[in-house]
Amino acid sequence: MLALIDSHNHFDDGSFDPDRDEAYQRARAAGVRAQVLAAVSARLWPKLKVVAARYPGLYPSYGLHPAYLAEHHPEHLDELADWLVRERPVAIGECGLDYYLPDLDPDVQADYFTGQLRLARRHDLPVIMHARHAVDQVIKLVRRFQGVRGVVHSFSGSEDQALRLLDLGILLSFGGPLTYARATRLRGLIRYLPLDGFMLETDSPDQPPSNHRGTRNEPAFLPDVLACVAELRGADPAEIAAATTANAHRLFNLPDVPSPGPH
Ligand SMILES: [Zn+2]
């Protein structure tokens, strides 16, 4: 039985409220031993905390997502600092830059992002970064915070950008988008990345893999991403599973992943 880690999802999302117990059990049955829940806004941190505490192997990350800019207030960065001390999450995020969605002021986004990078350095925590149509700008800001560890999730940039991030010690993670045949650049890139440079994610309930297109994504679909990566690399899925699980373990400093147990 493979032991996988969903390195990025939103299992606290309301779309899981009706069947979260079942979705959790399906994920366990699919070999997903741990999940990192990325927060989007201060208003939703308390719910994320409750959901993460309810199930073994779920780990919270707290932060301010750029797409939710309208909900953020400068004092949320101070509140985040309190949450980091009190709750000891495995990461800060989801944070970063989104130049794709309209009406998100780039300067205001940069203020929140740098505020979270500063907290990451102060509290020695990794950052979970969102970089949509803004990978170069994310790299530029990360460079100002030498030594900050983290991941650019659902990476969709170029090979050159990928290599620059890996040079900075930043990991990449990949999910559903990789499973679509039209994602030729991404599918080319995954073939050559070093095994210690990437992780798997679902980003559920968003970004379903191609065989679940148009439905709610969920952590149990992570093996579809694994199968895709293994196929593209011509590798044994067990090897990819072991490497990506070890990478997530190391980045988030997770306790020992609970063993599969008898079935
Ligand atoms: Zn996300």
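Is R20 buried or exposed? R20 is buried, with a relative accessible area of 6%. The points below begin with this residue.

This is a predicted model, in which local features need pLDDT of at least 70 and side-chain atom pairs count only at pLDDT 80 or more, while totals for chains, interfaces and linings use all residues. Residues are numbered from 1 along each chain as its sequence is written, and side-chain values use heavy atoms, with hydrogens and water left out.

1. The pair R20 and D17. The side chain of R20 forms a salt bridge with that of D17, at 2.8 Å from N to O. A salt bridge here is a side-chain nitrogen of Lys or Arg within 4 Å of a carboxyl oxygen of Asp or Glu. R20 is buried at 6%, whereas D17 is partly exposed at 43%. The terms are set as follows: buried is under 20% relative accessible area, exposed is over 50%, and partly exposed is in between (1.4 Å probe, protein chains only).

2. Other salt bridges. The structure holds 13 salt bridges. One of them joins E218 and R216 at 3.0 Å, N to O; E218 is buried at 5% relative accessibility, and R216 is partly exposed at 25%. These two residues also belong to a network of salt bridges that links D19, R26, R216 and E218. A further salt bridge joins E87 and R86 at 3.1 Å, N to O, and R86 is exposed, with a relative accessible area of 52%.

3. The side chain of Q109. Q109 is placed in helix 4; helices (H or I, at least four residues) and strands (E, at least two) are DSSP runs, numbered from the N terminus. Q109 counts as buried, at 1% relative accessibility. A polar atom of its side chain lies 2.7 Å from the backbone nitrogen of D98, and the side chain of Q109 also reaches the backbone oxygen of L104 at 3.1 Å.

4. Backbone geometry to inspect. Most residues other than glycine have a negative phi, and most peptide bonds are trans. D103, not a glycine, has a positive phi of about 65°; D103 sits in the loop between strand 4 and helix 4 (106–123) and is exposed at 78% relative accessibility. N253, also not a glycine, has a positive phi of about 50°. N253 lies in the segment after helix 9 (237–252) and is exposed at 66%.

5. Cis peptide bonds. The bond from G93 to E94 is cis, with omega near 20°, and E94 is found in strand 4 (residues 91–98). The bond from S204 to P205 is likewise cis, with omega near 15°. P205 lies in the loop between strand 8 (198–200) and helix 8 (222–233).

6. Surface charge. Which residues form the negative surface patch? The patch is made up of E75, D78, E79 and D82. Patches consist of residues with over 30% relative accessible area and no salt bridge; like charges are joined within 9 Å, and nonpolar side chains (Val, Leu, Ile, Met, Phe, Trp, Tyr) within 5 Å. E75 lies in helix 3 (residues 75–87) and is partly exposed, at 43%.

Technical notes
Accessible areas come from the Shrake-Rupley method with a 1.4 Å probe; for residues, only the protein chains shown count as cover. Lys and Arg count as positive and Asp and Glu as negative; His and the chain ends are not counted. The place of a charge is taken as NZ of Lys, CZ of Arg, CG of Asp or CD of Glu. A polar contact is a pair of N or O atoms within 3.5 Å; within protein, one must be able to donate a hydrogen and the other to accept it, and residues adjacent in sequence count only if both atoms are side-chain atoms.
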